[in-house]
Amino acid sequence: MYDVIIIGGGVTGCAAAAELAKYELGICVIEKESDVCEGTSKANSAIVHAGFDAEPGTLKARLNVRGNAMIRKLYKKLDFAFKQNGAMVLCFDESQLSDLEKLREKGKKNGVEGLEIITGDEARASEPKLSPEVKYALFAPTSGIVCPFEMTLAFAENSLENGVEFKLSTNVTGIEKTSDGYKVVTDKGIFETRAVFNCAGVYADEISEMVVEKHFTITPRKGEYMLMDKDAGGTVSHTIFQLPTKMGKGILVTPTVHGNLLVGPTAANIDDKENTATTASGIAEVKAKGSLSVDGLPFNKVITSFTGLRAVGDTHDFIIEEAAPNFFNAAGIESPGLTSAPAIAEMLRELLSKNIDLKLKNDHKDTRKGLVHFAELDRTSQNALIKDNPAYGNIVCRCETITEGEILDAINRPLGATSLDGVKRRTRAGMGRCQAGFCSPKTILLLSKKLGCSIGEIKKNGRQEVSEDA
C-alpha cells in the first residue's frame with residue numbers, strides 16, 4: 001500500500017511528488033499519458049507571473065506570490081531554464097489609467113514587490129517596438145519566463161530519484177473507499193493507498209466525482225498561440241500584457257527562455273477536453289490583438305502554432321481542499337497555475353500533515369542536474385565533451401544544434417523519453433525552424449535502438465502498445 005497516490009503527471013502533480021518526496025512516504029504518480037507534462041503543462045504561456053492581477057485574499061493571489069519566490073530559488077537547485085525578465089501591462093487610453101492604478105494596488109495587497117506605473121515614453125525607452133498608442137504601463141520586475149517542460153521534468157526526475165514511483169500510460173477508471181484509505185482502479189490494475197491527491201487538470205472534476213458528490217465543474221479554456229523563430233526573439237525583452245479581462249490576461253507578447261518569440265493566447269471556453277486544434281479565426285485574433293501592443297510583429301517568422309487547454313473551475317479560484325478523508329483536490333489550476341505549482345504542493349503537504357505524521361528523510365536529495373545543452377557550451381567545453389563521448393559530435397537537429405549525445409541522454413535518463421515529443425521536450429530536437437522535418441528519422445532510429453523495438457512502434461506521443469501475440 002502506498003501512503004499517497006497522485007493522479008496527474010503535470011506540473012502540479014510532479015511538484016507535489018517532489019514536495020512529498022522529502023518525507024518518509026511511499027508515493028506513486030499515476031498518469032494516463034505516456035509521459036509527464038502531456039496536458040496543460042506543456043502548452044501555455046510559460047510565464048512566472050508576479051501576482052498583481054489575482055483578487056486579494058484568494059488562493060491564486062497567495063500561492064502565485066509564494067510560487068514566484070520559490071521558482072526563483074528552485075531553478076538553480078533543480079537546473080531548469082528561468083529568466084526574471086520583468087513584465088509590462090499596457091493601457092492605450094488615458095481613461096484606463098485608473099484601471100492600471102487599481103491593478104497596482106491589488107498587486108501591493110498581494111505582496112508583489114517593485115510595482116510602478118510608467119509613461120508610454122518610459123516604456124518605449126526600454127521597449128522601442130511598443131505601439132505609439134501605449135499611454136501608460138504597469139511595470140512588474142518580479143515577473144519571469146520559464147521552460148514549463150523543463151520545470152515539470154525537473155520536479156519529476158527529482159522525485160523519482162527520491163523514491164517516487166511513476167505509472168505512465170495508466171488511466172484511472174474508478175476510486176473505491178476502504179477502511180484504511182482508497183483503492184485506485186486503473187486499466188493496469190488496482191493500487192491501494194492511504195491518501196489521494198487529485199491533480200488531474202481538465203479531468204479533475206471527473207476524478208473528484210469518483211469519491212464525492214459533484215461540487216465543482218472544470219471547463220477547458222482553449223488558448224491558441226503563435227511561436228516565432230529565434231530571429232524574432234529580440235523583438236521585446238519583457239513580457240508584454242494588455243489590461244486583463246474576465247477571460248484572462250489577454251494576448252501577450254513575450255520572449256521565451258530559449259530565444260523565440262511567443263504571441264497569444266486566445267480564450268474560448270469549450271466542451272471537448274481533448275480539442276487542441278488551432279483555427280483560422282483564433283490565429284487571426286492572435287495576430288490582430290498582438291499587433292496592438294507591439295508594432296511590426298514579424299509574423300513571417302512564425303514556425304508553428306499550437307493550442308493549450310486551461311482547466312478553469314467555476315469557483316473562480318483554485319480548488320485546493322480535503323474533499324473526503326485523505327482525498328485532496330488540486331483542481332481549477334488555471335493561470336497562474338504554472339507559477340503557483342510549488343506553492344500548491346506545499347499547501348497539499350500541509351493538508352496531508354493534519355492526518356498523517358510526516359517525518360523528514362535523512363538522505364533526501366534537493367538538487368538535480370539537467371541535460372547538457374551542447375549549443376550553450378563554449379568551444380573548449382564542447383571539445384572536451386566530444387572527446388569523452390563522440391556522440392556529442394554528431395548533430396542530429398540542425399535548427400537547434402542538438403546532438404546525438406543529448407538525445408541518448410534524454411532516452412536514458414530517469415523517466416526517459418519514449419516518443420518524438422518526449423525527446424523534443426527534453427532536448428528541443430524538432431522545435432526549430434524546420435519543425436522536426438530534418439531530425440525525426442534519426443531520432444526515431446535512436447529511440448527504436450535504445451528501446452529495443454521497431455521503428456514502426458515509435459510514435460509522436462508515445463510507444464504503441466504491442467499485444468502479447470503480436
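Predicted model: local features only at pLDDT ≥ 70, side-chain atom pairs only at ≥ 80, totals over all residues.
Local features here need pLDDT of at least 70, side-chain atom pairs count only at pLDDT 80 or more, and totals for chains, interfaces and linings use all residues. Residues are numbered from 1 along each chain as its sequence is written, and side-chain values use heavy atoms, with hydrogens and water left out.

Let's start inside. A nonpolar core is a set of buried Ala, Val, Leu, Ile, Met, Phe, Trp, Tyr and Cys residues joined through side-chain atoms within 4.5 Å, where buried means under 20% relative accessible area (1.4 Å probe, protein chains only). The largest one has 56 residues, and Ile6, Phe155, Phe197, Ile320, Leu348 and Leu352 have the most contacts inside it. Helices (H or I, at least four residues) and strands (E, at least two) are DSSP runs, numbered from the N terminus.

H8 gives the most, with nine residues. A second, separate core of 25 residues includes Cys28, Tyr182, Phe191 and Val196.

Now the sheet: it's open, three-stranded and antiparallel, in the order E3-E8-E4. Strands pair if DSSP finds at least two bridges between them.

Finally, helix H10 (residues 404-412) is largely enclosed by the rest of the structure, because seven of its nine residues are buried. Ile407 and Leu408 are among them.

Methods
Buried < 20%, exposed > 50% of the residue type's maximum accessible area, 1.4 Å probe, protein only.
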